Amino acid sequence: MKQLFDLLHHIESHGMISDIPIRHVTNHSQKVQPGDLYIAVKGVQTDGHRYAADALKKGAAAVVVERDLGLEHQIIVPDTHKAYAQICANYFDNPSKKLKLIGITGTNGKTSVTTMIKSILESSNMKTGLIGTIQIEYGDVVKENPNTTPDAYLFHQTLSDMLEAGCKYVVMEASSHALAQERLYGCFFEVCAFTNLTQDHLDYHKDMEDYFQAKKKLFSMGEIHVVNVHDSYGKRLAEELGDGVVTFGIDDTKADFFASDIVCEPNAVNFRIHHDGIASKVHFAIPGLYSVENAMTAIAVCSQLGFSIDTMVTALGKMKGVKGRSEIIYHNDKFTVIRDYAHSPDGIENIMSSLKSCVNGRLVGLFGCGGDRDRTKRPLMAKACEKYADFMIITSDNPRTEDPDAIIEDILPGLSQFAKYITITQRKEAILYALTHAQQGDTIVLLGKGHETYQVLKDKTIHFDEQEVVLEIMNVQHKIGNEG
């Protein structure tokens, strides 16, 4: 039990406020039980204010709202999104203030960067929690994460668990949705970092400027700012943030950190990182220029936490990659299969361009586009893939409520008249085609789903792990070959 006064600490409010016990806090009216505090938050689909009266009928001790609803037990605040985040923080005794938070934002690279930072910190025996797209990790605990950046209640509950487990640092991905919705309101970050910004999530943000401003919010929550000035939006961000920004960029000798002597291999990248007149060799087990930028982000961030270049380079050299990020999931003497989470034009261009210079045979790209998401990027993804692929297989991703064939029709206008491709709607059938039609030396890249172990269809979500699919197909083919 918490007292209402304690939960409203640091929140401007007026209305029915008395020192009463609160059993639980929630912004879901259907979950309200007697003694709860209900916070009415306006979401994408509906407005929680519509259900405030119902919450009181279910026994809520009080409701937090943004406007006068004429209810007996209402507490009015300027912004219920911010109030909900602060109330959740207060409910768990503000764990964020007892941890050192590191926030990474940007379109691409967040998962890789947070994983690298965790490895660097833990190589120095700093127990570190991770909150990201793939999962939540701390100690021996691994949990699924429903959103890249969790709902405020789950976020502070997770921080509390991490604190109890002995974590000193927490490194996390800060999504534009979470920042726009104030899920991280009231938190202070030891270091905030920006990777890049390319077209994505315009189904939610009204335009790229709105998307950029959402990302920029993170940098009002911390004093140390690390920014990729190789990216045009990063360069703009650094200029707007002013003095004191720690910058990095490939081949940008004016940046605080820059890279040179980059050599890509099929399963790694080698380069030199320069800082304060010192050049250090780096080996990292994911190929490509984007991996160089990701590694530079991690190094620049950890340098601000007091870690030496030698410590960071050694830790990165021991990493074996990141799940679902340019990950080799099958290899034989004929072809290699890689899976990657790239689901934006820039993400596809990054991985395909990186692999193009490393492959011995054809580079085959298999991709689709998510349903109920930004339709304008679909032809752009096709254009990015065609630029580097010798052959493409256009299929489904997570179609959600859309017709998969209609999504493919949106993709095709991005291809030139010279494009070599085939369309196969069912993703499993598309993977089967790719493997059974592979030629000597092929590298097949499964784009879009990466670490995901599911596929979201119109009426259900099914189990779909691309590594399992590939291994199952190859096992069947092996048996058929032996029987023949």
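Reader: Let's start with F92: is it buried or exposed?
Author: F92 counts as buried, because its relative accessibility is 15%. The term buried means under 20% relative accessible area, exposed means over 50%, and partly exposed is what falls in between (1.4 Å probe, protein chains only).

Reader: What kind of model am I looking at?
Author: It's a predicted model: local features need pLDDT of at least 70 and side-chain atom pairs count only at pLDDT 80 or more, while totals for chains, interfaces and linings use all residues. Residues are numbered from 1 along each chain as its sequence is written, and side-chain values use heavy atoms, with hydrogens and water left out.

Reader: OK, rings next. How many aromatic pairs are there?
Author: Five aromatic pairs turn up in the structure. To pair, rings of Phe, Tyr and Trp (its six-membered ring) need centres within 6.5 Å; planes under 30 degrees apart are stacked, over 60 edge-to-face, and the rest tilted. One of the pairs is Y91 with Y153, which is tilted, at 6.0 Å centre to centre and 40° between the planes.

Reader: And where in the chain do Y91 and Y153 sit?
Author: Y91 is in helix α3 (residues 80-91) and Y153 is in helix α5 (residues 152-164), 62 residues apart, and their pair links distant parts of the chain.

Reader: Why does Y153 count as buried?
Author: Because its relative accessible area is 16%. Y91 is buried too, and Y91, F92 and Y153 form one aromatic cluster.

Reader: What sits over the ring of Y454?
Author: The charged end of K449, 5.3 Å from the ring centre. Sitting over a ring takes NZ of Lys or CZ of Arg within 6 Å of the ring centre and within 35 degrees of the ring normal.

Reader: New topic, the backbone. What is phi for D251?
Author: Near 60°, a positive value in a residue other than glycine. D251 lies in the loop between β15 (246-250) and β16 (257-265), and D251 is exposed at 58% relative accessible area.

Reader: What about D276, where does that one lie?
Author: D276 is in the loop between β17 (268-275) and β18 (278-284). Its phi is also positive, near 55°, and D276 is exposed, with a relative accessible area of 65%.

Reader: Now sheets. In what order do the strands of the five-stranded open sheet run?
Author: The order is β2-β7-β6-β5-β4, with mixed pairing. Two strands pair if DSSP finds at least two bridges between them. β2 (14-15) and β4 (25-26) are at the edges with a single partner strand each, so one side of each has no neighbour in the sheet.

Reader: How many bridges join β4 to β5?
Author: Two, and β4 and β5 (residues 37-39) run parallel. T26 is opposite Y38 in β5.

Reader: Last one: how many disulfides?
Author: Zero in the whole structure, where a disulfide would be a pair of cysteine sulfur atoms within 2.5 Å.

Key
Helix = DSSP H or I, 4+ residues; strand = E, 2+ residues; numbered from the N terminus.
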